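Thanks for coming. I will go through one structure today, a piece at a time.

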Amino acid sequence: MKVLLLEDEKSIRDFVRINLKREGYEVIEAGTGEEALDLADQQTDIVIAILDVMLPGIDGFEVCGQLRKKYPRLGIIMLTAKSQELDKVMGLEFGADDYVSKPFSPAELLARVKALHRRLTPIPEAEDKNEINIAPFRLLLDERKLIRAEQEIDLTPKEFAMIKLLAENANKAISRDEILTAVWGQFFVGDLKIVDVNIRRIRQKIEDDPAHPAFLETVWGYGYLWRKDVPDERH
């Protein structure tokens, strides 16, 4: 698997590269945001990008946003300052799937990379189990696609995992804790806000009126619910 590593400090870049290579990953390195974007365009088989936030020139948030627009299925992990809670939230708003706070251990970063890689890899399904029908949407599991009116809606790996979880439990409220554990893993160390940020992004993509969602409902004080078989007002 090919990983794009964007970090302007050579010592940190070398440290991360060595540990990733030990696990069998091919590492493509960049020291600036501009260089990272060029490499992503040249090598379109990159599966995961690890992006530092503080950079010379364009910052990690801008790189994250541009990569997410061009490559919606790319896994993105942000490297953020431990004391900067805003960095974590902003990274998620720009389309990141996960974040690791500096200073970090190689074991933690590798665990996050492996967990994200697993979520990016389709699990073989029997043909009759490939599709979940949540009208007016169709969730294609093998292809990892969400379809509405024969149009694909671009989703990040985390967004797809969240919709799959909610669709499999349609009309049933799922708690934020359950979503966090199922999508980010039981050993994830972070704020529950990560769930709300991703829900907000999903609503922007699937709801006709995100401020008054018809499909992805909030269960106040608890979590979220996918409302199945809502009439499609587009037709």
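Before the first item, a word on classes: Ala, Val, Leu, Ile, Met, Phe, Trp, Tyr, Cys and Pro count as nonpolar, Asp, Glu, Lys and Arg as charged, and the others, Gly among them, as polar. Keep in mind also that this is a predicted model.

Let me start with the second largest pocket. It holds about 200 Å³ of space. It is lined by 13 residues, and those closest to its centre are G65, R68, K69, F94 and K205. Sorted by class, the lining has seven charged, three polar and three nonpolar residues. Which helices each supply at least two residues of that lining? They are α3, residues 60-70, and α8, residues 193-206. The largest share, three residues, comes from α3.

Now α8 itself. Its 14 residues should span 20 Å at 1.5 Å a residue, and the end C-alpha atoms are 20 Å apart, so the two agree. Buried residues in α8 are I194, V195, V197, N198, I199, R201, I202, R203 and I206.

Next to aromatic rings. A pair of rings is described by the distance of the centres and the angle of the planes. The whole structure has five aromatic pairs. In one of them, F61 and F94, the ring centres are 5.7 Å apart and the planes are at 20°, so this pair is stacked. Because F61 lies in helix α3 and F94 in the loop between α4 and β5, the pair ties together parts that are 33 residues apart in sequence.

A second pair, F137 and W226, is edge-to-face, with 5.6 Å from centre to centre and 75° between the planes. F137 sits in strand β7 and W226 in strand β12, so here the parts tied together are 89 residues apart in sequence. Both F137 and W226 are buried. Ring pairs also bring in F215, which makes a cluster of F137, F215 and W226.

Last, helix α5, residues 106-120. Its 15 residues reach 21 Å from first C-alpha to last, close to the 21 Å expected at 1.5 Å a residue. The buried residues of α5 are L109, L110, R112, V113, A115, L116, R119 and L120. What covers them? The cover includes the helices α1, α6 and α7 and the strands β3, β4 and β5.

That is the end of my part.

Technical notes:
Residues numbered from 1 in each chain as written. Predicted model: local features only at pLDDT ≥ 70, side-chain atom pairs only at ≥ 80, totals over all residues. Heavy atoms only, no water. Helix = DSSP H or I, 4+ residues; strand = E, 2+ residues; numbered from the N terminus. Expected span 1.5 Å × (residues − 1). Buried < 20%, exposed > 50% of the residue type's maximum accessible area, 1.4 Å probe, protein only. Contact = heavy atoms within 4.5 Å. 1 Å grid on protein atoms, 1.4 Å probe; cavity = no way out; pocket = protein on both sides within 12 Å on 5 of 7 lines; lining within 4 Å. Points joined across faces, edges and corners; volume = space filled by probe spheres on them. Phe/Tyr/Trp six-rings, centres within 6.5 Å; stacked < 30°, edge-to-face > 60°.
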